[in-house]
Amino acid sequence: MNRLDEARLLRHAGKLADLLVDTVNGGASVGFLAPLSHAQALAWWEGRAADVAAGRVVVWAAHDGDRVLGTVSLAFPDKANSRHRAELVKLMVHPDARGRGLGRGLLATAQDEAVAAGVTLLHLDTETGSPAERLYRSAGWTAIGAIPDYAADPGGVLRPTTIYYKRVPATALTR
């Protein structure tokens, strides 16, 4: 896994866009509707660069040669009373690379970074009933409930979303 600073994010934005398009058009609910164009996906990734530069978001990518096979991000809140937590966002594994432990590796990378940053609580949301739920549960995440009709899946159908959290070991706050 490679952590992407602003310049690396922009350099890999096209490959990250390929991954996002394949993920969304393959049916994964990560906040976009299908069909997602490469131009839309590229604009979304390029729009993350300022947040990465400001330290509000940290992005990792897993590469296989020139392809990006997976990515995960941590989003840090900007409020003083929230510095102990972060949101795990946009965990994506290319459909061709699923079932080989890449998702688990991306989760572990994000968790290790969170601990190093002094985060003690992680949270995320995912479509209820999605394959991602198995991954989160098996990695020690706790479901706290589902919100009905929270987000549309790639086909535009409203689906419930389950909220998860995970406590991680405390270290000194470094952010």
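This is a predicted model: local features need pLDDT of at least 70, side-chain atom pairs count only at pLDDT 80 or more; totals for chains, interfaces and linings use all residues.

Reader: Why are helix 1 and helix 2 called oblique to each other?

Author: Helix 1 (residues 6-25) and helix 2 (residues 38-47) pack at an angle of about 135°. Roughly perpendicular covers 65 to 115 degrees and roughly antiparallel begins over 145; the pair is therefore oblique. The axes are 8 Å apart, and the crossing is right-handed.

Reader: Which residues of helix 1 and helix 2 meet?

Author: From helix 1 they include Leu9, Leu10, Ala13 and Gly14, and from helix 2 they include His38, Ala41, Trp44 and Trp45. The residues of this contact divide into 11 nonpolar, 2 polar and 2 charged.

Reader: What makes a group of residues a nonpolar core?

Author: Its members are buried residues of nonpolar types, joined through side-chain atoms within 4.5 Å. The largest such core here has 28 residues, and among those that touch the most other members are Leu74, Leu88, Leu122 and Trp141. Strand 2 (57-64), strand 3 (67-75), strand 4 (85-93), helix 4 (102-116), strand 5 (121-127) and helix 5 (131-138) each supply at least two residues of this core. Helix 4 gives the most, with 6 residues.

Reader: What does Leu122 touch, leaving aside residues up to four places away in sequence?

Author: Leu122 touches residues including Leu74, Ala86, Trp141, Tyr164 and Val168.

Reader: Which residues does the second core include?

Author: That core is separate and has 21 residues, among them Leu4, Leu16, Trp45 and Val59. Leu16 and Trp45 also take part in the contact of helix 1 with helix 2.

Conventions
Residues are numbered from 1 along each chain as its sequence is written. Side-chain values use heavy atoms; hydrogens and water are left out. Buried means under 20% relative accessible area, exposed over 50%, partly exposed in between (1.4 Å probe, protein chains only). Helices (H or I, at least four residues) and strands (E, at least two) are DSSP runs, numbered from the N terminus. Contact means heavy atoms within 4.5 Å. Axes are lines fitted to C-alpha atoms, for helices over the stretch in contact, and angles run from 0 to 180 degrees between N-to-C directions. Angles under 35 degrees count as roughly parallel, over 145 as roughly antiparallel, 65 to 115 as roughly perpendicular and the rest as oblique. A crossing is left-handed if the near helix is turned anticlockwise from the far one by less than a right angle, and right-handed if clockwise. Ala, Val, Leu, Ile, Met, Phe, Trp, Tyr, Cys and Pro count as nonpolar, Asp, Glu, Lys and Arg as charged, and the others, Gly among them, as polar.
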